[in-house]
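Good morning, and thank you for coming.

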Amino acid sequence: MTQISLTPTQILAGVGVLVILLWVWRAGVRRAKAAAEAARSGARLLSLAGRVLFTAGLIVGVQWVVITHPGNPWLLLTVLGLPALFSSYALTRALTVTVVDSPRRRGRR
């Protein structure tokens, strides 16, 4: 069996290389997490935009059908008024600031 003999300088250099590799790996993980979070928030925005456009198209379609086939004034009032109530509720909630979140700093929870 062969015995490996290392000088203290070689051991210190090896430990230094391991520390640097660990540091680079952790920095890469942090960068990957930040990129994943950015992608998730972008996907959430696209998902929200798609749902908003679909719902708006559905509301416009129903309103168009009711307006082009007149007959019941209460139905017309309901078809035009109900979406207005929902949208005013959503806009009021979106434009009302209830909590101001400060960005997290490293080390604080």
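Let us begin with the surface. The protein chain exposes about 10400 Å², and carbon and sulfur atoms supply 71% of that area. Please keep in mind that this is a predicted model. Of the 109 residues in the protein chain, buried residues make up 5%.

Next, the secondary structure. The chain has two helices and zero strands.

Consider helix H2, which covers residues 73–95. How far apart should the ends of its 23 residues lie? At 1.5 Å a residue, counted for one less than the number of residues, the helix should span 33 Å. At the start of H2, a side-chain oxygen of Asn72 comes to within 3.1 Å of the backbone nitrogen of Trp74.

I turn now to the largest pocket. Its volume is about 320 Å³. Which elements give two or more residues to its lining? They are helix H1, residues 8–68, and helix H2. H1 gives the most, with seven residues.

Which residues form this lining? The list begins with Leu48, Arg51, Val52, Thr55, Ala56, Ile59 and Val60, and continues with Pro83, Phe86, Ser87 and Ala90. Sorted by class, the lining of the largest pocket has eight nonpolar residues, two polar residues and one charged residue.

To close, I would ask you to find H1 and H2 on the display and to trace the pocket lining that they supply. Thank you for your attention.

Note on methods. Residues numbered from 1 in each chain as written. Predicted model: local features only at pLDDT ≥ 70, side-chain atom pairs only at ≥ 80, totals over all residues. Heavy atoms only, no water. Helix = DSSP H or I, 4+ residues; strand = E, 2+ residues; numbered from the N terminus. Polar contact = N/O pair within 3.5 Å; in protein donor to acceptor, adjacent residues only side chain to side chain. 1 Å grid on protein atoms, 1.4 Å probe; cavity = no way out; pocket = protein on both sides within 12 Å on 5 of 7 lines; lining within 4 Å. Points joined across faces, edges and corners; volume = space filled by probe spheres on them. Nonpolar A, V, L, I, M, F, W, Y, C, P; charged D, E, K, R; others polar. Buried < 20%, exposed > 50% of the residue type's maximum accessible area, 1.4 Å probe, protein only. Areas by Shrake-Rupley, 256 points an atom, 1.4 Å probe, with all protein chains shown as cover.
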